[in-house]
Amino acid sequence: MITTSSLTFKIASEPSEFEQIYQLNYKTFVGEIPQHEENAENRLIDRFHEENTYIICADEENIIGMIAVRGSRPFSLDQKLDNLDSYFPEGRSICEIRLLAVEKEYRNGRVFVGLIRKLIQYCVNEGYDMAIISGTTREQKLYKHLGFVPFGPLVGTEEASFQPMYLTREKFDRKEAMFRRLEAFPERGNKEVEKRERHPDPVSFLPGPVNLGEEVQEAFSGKPVSHRARRFVDDFQEVKCQLCEMTNAAHAEIFLGTGTLGNDVVAGQLSLLKQPGLIATNGEFGERLVDHAERFGLSFRSLNYGWGTPFDYEEIREMLRRQPEIQWLWVVHCETSTGLLNDMDALKRICREEGVKLCLDCCSSVAVVPVNLDGVYLASSGSGKGLGSYAGLSMVFYHHEVEPDAKLPRYLDLGLYASKQGIPFTHSSNLIYALQAALHRFKDHAVLERQEELAAWLRTELRRRGFHIFGSDTDTSPGIVTIALEQSMDSEEVGDALAEAGYLLSYRSEYLLDRNWIQISLMGEHSRRQLRLLLDELSKLYVR
């Protein structure tokens, strides 16, 4: 028996409990969800009642929530989907979950978490390693949040539509661990079923959108200015000069779009060379460079070092020597997916000695670590990460002369921008002035040094609290700290709980979910006090 305050969670066994189950079943699946016909008794006995095990929640003597589970075939879904087992992994011991119902006034995380925890305990004890459910379409976010995987077409009627879903034993185990933590901190009830007062001022530890300074927000909210106005043109040129000074680049063009657009511009310029190249990858964003290149039909070879694995620079050098036809090398400077910082100086040295043009994706490194683009042919970045402004502007840095080329789409033609003072089309004055305000912070040359010190302190503190940091301190960016969670912790659950507490971390990307990772980004403005509060919240969710 699991008891929380006045609420009791148990398996139904008494006649009085079953009578209340019939009444709650009727109220939910006749009165609220029109799945069955009305009757004068106001009670509904499930057709599988004799095979069901009912997990109930009682407030003193009143049953206010229930969920049923059964392991006998055929399941109700057997009668709704042909060849049901073809949707499942092989070799599973399956049960069916049905009849989730909670009185309206008790629909909060406390009741729901208690029911699900008791259910998971029962399923594990009975030897089931997979559960299936027909989840109402009204609560799909809730079921997916719990780890259920949708399969097959919708079943039911237009008035009462359901999505077949399953949950595996592996998820059972992780959910059980999470529910233990939620019980220890009951205010962390499931966010999909309990509306709580949110943190009044969420703090972003995302790589975008980042934590913004007040002056940046104020500049963005100003009245728009025409992109042809002399004032705007002058300010636009000043921003370009500041970006060049920060990166030691000869030229910079600013595009309306994210870093992805900047990489398309780079790919467009490489297509004009009509020469083969090399792309080295060690993470998600390196792999995206390959996709950029393929979409432009570039001729290239690739070296894949695996996620988080540093480049073998001698291997890159040898490949360039053995294949002198390769004329350009394109890599990511800071691999956002892991935080790995590739060695720009080594890459520049190799390309200089081998006569190869170096191109860099610097979207997560500009304004996070010192970036010297002298000797770099093309480099891309964006406004919404280290620069600490709103997303929506991408930059391409270069040193050589460029000309418009009609073979490229107008929006991606670097030479066209260069020939029009960087403003060939309508631009956003709000985004430009927000970026200009953000750049003021970097007039203090100690900003990056302080950020590096903050990241070193954070890594040390995380390790002290028992967390595993992915990557070494010597070759990772101070802007991204990747935490590889224990298998007993679910990265999505942890990220959701922290978001509810007012701390926004990166965890929803597919590549992070697949690896059970969360990331703390120090791009933008942060303080040690904010990080201490975040770590306190994170530690509450950690069970050794």
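At roughly what angle do the axes of H6 and helix H12 (residues 429-439) cross? Keep that in mind as we set off. You are looking at a predicted model, in which local features need pLDDT of at least 70 and side-chain atom pairs count only at pLDDT 80 or more, while totals for chains, interfaces and linings use all residues. Residues are numbered from 1 along each chain as its sequence is written, and side-chain values use heavy atoms, with hydrogens and water left out.

**The whole protein**

Start with everything shown as a cartoon. Taken along the principal axes, the C-alpha atoms fill a box of roughly 85 × 50 × 45 Å. Of the 544 residues, 57% are buried (buried is under 20% relative accessible area, exposed over 50%, partly exposed in between, with a 1.4 Å probe and protein chains only). Among contacts between residues at least 6 apart in sequence, 71% join residues at least 24 apart; contact here means heavy atoms within 4.5 Å.

**Stop 1: H6 and H12**

Now select residues 230-247, helix H6, together with 429-439, helix H12. Their axes come within 10 Å and cross at roughly 45 degrees. Axes are lines fitted to C-alpha atoms, for helices over the stretch in contact, and angles run from 0 to 180 degrees between N-to-C directions. H6 and H12 are therefore oblique to each other: angles under 35 degrees count as roughly parallel, over 145 as roughly antiparallel, 65 to 115 as roughly perpendicular and the rest as oblique. The crossing of H6 past H12 is left-handed, meaning that the near helix is turned anticlockwise from the far one by less than a right angle, with clockwise giving right-handed.

Show side chains at this contact. From H6, pick residues including Phe-232, Phe-236, Val-239 and Leu-243; from H12, their counterparts include Ile-432, Tyr-433, Leu-435 and Leu-439. The contact of H6 with H12 divides into 9 nonpolar, 3 polar and 3 charged residues. In this sorting Ala, Val, Leu, Ile, Met, Phe, Trp, Tyr, Cys and Pro are nonpolar, Asp, Glu, Lys and Arg are charged, and the others, Gly among them, are polar.

Stay on H6 and select Lys-240 with Glu-253. Their side chains meet in a salt bridge, 3.1 Å from N to O (a side-chain nitrogen of Lys or Arg within 4 Å of a carboxyl oxygen of Asp or Glu). This pair links distant parts of the chain, with Glu-253 in strand S11 (residues 251-256), 13 residues from Lys-240. Both Lys-240 and Glu-253 are buried. The structure holds 29 salt bridges.

**Stop 2: H9 and H10**

Next, select helix H9 (residues 313-322) and helix H10 (residues 344-354), whose axes come within 10 Å and cross at roughly 20 degrees. That makes H9 roughly parallel to H10, and H9 passes H10 in a right-handed crossing. Tyr-313, Ile-316, Arg-317, Leu-320 and Arg-321 in H9 touch Ala-346, Leu-347, Ile-350, Glu-353 and Glu-354 in H10. By class, this contact of H9 with H10 has 6 nonpolar, no polar and 4 charged residues.

**Stop 3: His-333**

Move to His-333, in the loop between strand S14 (328-332) and strand S15 (334-335). Is His-333 buried or exposed? At 4% relative accessibility, His-333 counts as buried. Beyond residues up to four places away in sequence, its contacts include Leu-340, Met-344, Asp-361, Cys-362 and Val-371.

**Stop 4: Arg-73 and its neighbours**

Select Arg-73 and Pro-74, which are joined by a cis peptide bond with omega about 0 degrees. Pro-74 sits in the loop between strand S4 (62-70) and strand S5 (94-102). Arg-73 also forms a salt bridge with Asp-78, the closest N and O atoms being 2.8 Å apart. Arg-73 is partly exposed at 39% relative accessible area, and Asp-78 is partly exposed at 25%.

**Last stop: two positive phi values**

Finish with Glu-60 and Asn-516. Glu-60 has a phi near 60 degrees, positive in a residue other than glycine, and lies in the loop between strand S3 (53-59) and S4. Asn-516, also not a glycine, has a positive phi of about 60 degrees; look for Asn-516 in the loop between helix H15 (510-515) and strand S23 (517-521). Glu-60 is exposed, with a relative accessible area of 66%, whereas Asn-516 counts as buried at 3%.

Notes: Helix = DSSP H or I, 4+ residues; strand = E, 2+ residues; numbered from the N terminus.
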